[in-house]
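Here is a short report on voids, surface and charge pairing. Look over the model first, then read on.

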Amino acid sequence: QETLRVHGCLEETYWICAFAVNQHAGICGANPNGDIDPVTKIPHPTCACSAPKFFNEDPPLNEHGESIQCEMNKFDDMMA
């Protein structure tokens, strides 16, 4: 607590999401918009892993036309 106070961070508020998304199954290989980390102010890093990627329109699709294997398209449903 003292360390946080000394660094002026004691009153900082953070939101932590308990629902983890495997970013290696989707977005780890590219940062097409050059998005910047708000804390470090450097572009989000990418990796060269060979994990298969699953995006919202990749088959197989559910009855709503959404990819079943994509994890990123389920966030809104989990938060509702």
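The text below covers the pocket, the cavity, a surface patch and a salt bridge in turn.

This is a predicted model.

**Pocket and cavity**

The largest pocket holds about 180 Å³ of space. By class, six lining residues are nonpolar, five are polar and one is charged.

How many cavities of 30 Å³ or more does a search of the whole structure find? The search finds one. The largest cavity has a volume of about 30 Å³. Val-21, Asn-22, Gln-23, Ala-25, Gly-26 and Ile-27 line this cavity, along with Phe-54, Glu-71 and Met-72. Its lining divides into five nonpolar, three polar and one charged residues.

**Surface patch and loop**

Four residues form a nonpolar patch on the surface: Trp-15, Phe-19, Met-78 and Met-79. Together they have about 460 Å² of accessible area. Phe-19 sits in the loop between α1 (2-6) and α2 (75-79). Phe-19 counts as partly exposed because its relative accessible area is 38%, which lies between the 20% and 50% limits.

Ala-20 is in the loop between α1 and α2. Is Ala-20 buried or exposed? Ala-20 is exposed, at 76% relative accessibility.

**Salt bridge**

A search of the whole structure finds one salt bridge. Side chains of opposite charge can pair when their charged atoms come close. Here the side chains of Arg-5 and Glu-2 meet, at 2.4 Å from N to O. Why are Arg-5 and Glu-2 separated by about one helical turn? Because they are three residues apart in helix α1. Arg-5 is partly exposed, at 47% relative accessibility. Glu-2 is partly exposed too, with a relative accessible area of 47%.

**Exposure values**

The table lists relative accessible areas for the residues discussed above.

| Residue | Relative accessible area | Class |
|---|---|---|
| Glu-2 | 47% | partly exposed |
| Arg-5 | 47% | partly exposed |
| Phe-19 | 38% | partly exposed |
| Ala-20 | 76% | exposed |

Terms used:
Residues are numbered from 1 along each chain as its sequence is written. This is a predicted model: local features need pLDDT of at least 70, side-chain atom pairs count only at pLDDT 80 or more; totals for chains, interfaces and linings use all residues. Side-chain values use heavy atoms; hydrogens and water are left out. On a 1 Å grid over the protein atoms alone, a cavity is a set of points where a 1.4 Å probe fits but cannot get out, and a pocket is an open set with protein on both sides within 12 Å along at least five of seven lines; lining residues have an atom within 4 Å of a point. Grid points are joined across faces, edges and corners, and a volume is the space filled by probe spheres set on the points. Ala, Val, Leu, Ile, Met, Phe, Trp, Tyr, Cys and Pro count as nonpolar, Asp, Glu, Lys and Arg as charged, and the others, Gly among them, as polar. Patches are made of residues with over 30% relative accessible area and no salt bridge: like charges are joined within 9 Å, nonpolar side chains (Val, Leu, Ile, Met, Phe, Trp, Tyr) within 5 Å. Accessible areas come from the Shrake-Rupley method with a 1.4 Å probe; for residues, only the protein chains shown count as cover. Helices (H or I, at least four residues) and strands (E, at least two) are DSSP runs, numbered from the N terminus. Buried means under 20% relative accessible area, exposed over 50%, partly exposed in between (1.4 Å probe, protein chains only).
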